[in-house]
Amino acid sequence: MLITTHAVASAGIASLISSPALSIPLAFAGHFVLDKIPHWPNEKVRNKLKNTLYMIVVIDVLIAAASVIWLVNLTSNTTLLWTAFVGSIMDIDAVFYHKKFIDIFKTPLPKWLSKLHGSVQNETG
């Protein structure tokens with residue numbers, strides 16, 4: 001799923017639940033729930049899109065950041081920023097874990113968490 005989807009959905013959680021102690025963990029858990037919805041093409045199709053996939057991800061990150069900054073400015077609720085980041089961290093981590101785009105970095109999160117993330121993905125073809 002696109003990072004923008006996770007970021008905006010997580011910001012929505014923060015707008016409904018004002019307590020960061022609740023909204024941030026819910027945004028993290030919500031990421032896994034959203035990933036059960038079919039999304040992204042399967043590996044065969046991704047390989048065909050290999051040259052444009054990096055650009056899609058870069059544009060997605062820019063749109064996510066702009067959307068969240070706009071929402072924070074609109075509402076003055078900085079918790080939206082943190083929930084959007086935490087709700088997106090698994091997809092940000094996936095870039096590093098799978099070495100899809102940047103080969104010099106290793107995942108900052110535990111490998112078991114990255115594997116759990118991969119196991120809930122429901123990719124379409």
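**Working through the model**

Modeller: Asn42 is found in the loop between β1 (39-41) and α3 (43-48). Helices (H or I, at least four residues) and strands (E, at least two) are DSSP runs, numbered from the N terminus.

Biologist: Before we go on, what kind of model is this, and what do the local features need?

Modeller: This is a predicted model: local features need pLDDT of at least 70, side-chain atom pairs count only at pLDDT 80 or more, and totals for chains, interfaces and linings use all residues. Residues are numbered from 1 along each chain as its sequence is written, and side-chain values use heavy atoms, with hydrogens and water left out.

Biologist: Back to Asn42. What is its relative accessible area?

Modeller: Asn42 has 29%, so it is partly exposed. Buried means under 20% relative accessible area, exposed means over 50%, and partly exposed is in between (1.4 Å probe, protein chains only).

Biologist: How far apart are Asn42 and Asn122 in space?

Modeller: They are 9.1 Å apart, C-alpha to C-alpha. Along the sequence, 80 residues separate Asn42 from Asn122.

Biologist: Zoom out. What does the secondary structure come to?

Modeller: The protein chain has 6 helices and 2 strands. From the N terminus on, the order is α-α-β-α-α-α-α-β.

Biologist: How much of the chain do buried residues make up?

Modeller: Of the 125 residues, 35% are buried. The accessible surface comes to about 7,600 Å². Carbon and sulfur atoms account for 70% of that surface. Accessible areas come from the Shrake-Rupley method with a 1.4 Å probe, and for residues only the protein chains shown count as cover.

Biologist: And contacts? What share join residues at least 24 apart?

Modeller: The share is 72%, among contacts between residues at least 6 apart in sequence. Contact means heavy atoms within 4.5 Å.

Biologist: Next, helix packing. At what angle do α2 and α6 cross?

Modeller: Roughly 45°. Helix α2 covers residues 20-34 and helix α6 covers 111-120, and their axes come within 8 Å. Axes are lines fitted to C-alpha atoms, for helices over the stretch in contact, and angles run from 0 to 180 degrees between N-to-C directions.

Biologist: What does that make α2 and α6 to each other?

Modeller: Oblique. Angles under 35 degrees count as roughly parallel, over 145 as roughly antiparallel, 65 to 115 as roughly perpendicular, and the rest as oblique.

Biologist: Which residues meet there?

Modeller: From α2, Phe28, His31 and Phe32. From α6, Leu113, Leu116, His117 and Val120.

Biologist: Let's look at Gly87. Buried or exposed?

Modeller: Buried, at 0% relative accessibility. Gly87 is in helix α5. Leaving out residues up to four places away in sequence, Gly87 touches His6, Ser10, Ala27, Phe28 and His31. Gly30 is 57 residues away from Gly87 in sequence, but the C-alpha atoms are 7.0 Å apart.

Biologist: What about Thr83, buried or exposed?

Modeller: Thr83 is buried too, with a relative accessible area of 0%. It is in helix α5. With residues up to four places away not counted, Thr83 touches Ser10, Ala11, Ala14, Ser23, Ile24 and Ala27.

Biologist: Where is Met55?

Modeller: In helix α4, residues 50-75. Met55 is partly exposed at 49%. Ile63 is in helix α4 as well and is partly exposed at 44%.

Biologist: Last one. What is the phi of Ser76?

Modeller: Positive, about 60°, although Ser76 is not a glycine. Most residues other than glycine have a negative phi. Ser76 lies in the loop between α4 and α5 (79-97), and at 62% relative accessibility it counts as exposed.
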